[in-house]
Amino acid sequence: MGETTAAIPCSDAVRQLWDQARLSFVDSVAAMIRAERASGAAPDGLDPDVLAAVLLEVNDRLLERLTFGGPLSRRQLADGAATVWLGAVYGITDGSGNVV
C-alpha cells in the first residue's frame, strides 16, 4: 500500500482511482448514519451524504499518516479517529471515544 499511497499526489490516474474507491463507500456510510438516526441512536445533523464524504476524507489522511508516519502514534491516531467518527455521528464525546 505504501507505494500506491506514495504515488497518489504524483499521478492523476492513481489519484482519480483512489478518489473513486473512497467515494464508493459514501453511500454505505451515509446509509448507516441514516439508520442510526432513524433508530434514535444518533441525533439529526448535517446531511448524511456530506458527513460520510467528510469522514472518509479524514480516513484518507489517516491512512497516509499510518503509512508514512507523523507526530502522533498509531494509538493516538486510532483514538482520534474514533473520537471524530463517534462525535460526528453520535454527538459529543469525552475525548476517549466514549459518548457522553
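Colleague: Is Asp60 buried or exposed?
Modeller: Asp60 is buried, at a relative accessible area of 15%; buried means under 20%, exposed over 50%, and partly exposed in between, with a 1.4 Å probe and protein chains only. This is a predicted model, where local features need pLDDT of at least 70, side-chain atom pairs count only at pLDDT 80 or more, and totals for chains, interfaces and linings use all residues. Residues are numbered from 1 along each chain as its sequence is written, and side-chain values use heavy atoms, leaving out hydrogens and water.

Colleague: Which helix is Asp60 in?
Modeller: Asp60 belongs to helix α4, residues 48–68. Helices are DSSP runs of H or I with at least four residues, numbered from the N terminus.

Colleague: What does Asp60 touch?
Modeller: Leaving aside residues up to four places away in sequence, Asp60 touches Arg15, Trp18 and Arg22. Contact means heavy atoms within 4.5 Å.

Colleague: Switching to Ser28, where is that?
Modeller: Ser28 sits in helix α3, residues 26–38.

Colleague: Why does Ser28 count as partly exposed?
Modeller: Because its relative accessible area is 45%.

Colleague: How far apart are Ser28 and Asp49?
Modeller: Ser28 and Asp49 are 21 residues apart in sequence, and their C-alpha atoms are 9.4 Å apart in space.

Colleague: What lies 3.1 Å from a polar atom of the Ser28 side chain?
Modeller: The backbone oxygen of Phe25 does.

Colleague: And Val50, which helix is that in?
Modeller: Val50 is in helix α4, and Val50 is partly exposed at 41% relative accessibility.

Methods
Helices (H or I, at least four residues) and strands (E, at least two) are DSSP runs, numbered from the N terminus. A polar contact is a pair of N or O atoms within 3.5 Å; within protein, one must be able to donate a hydrogen and the other to accept it, and residues adjacent in sequence count only if both atoms are side-chain atoms.
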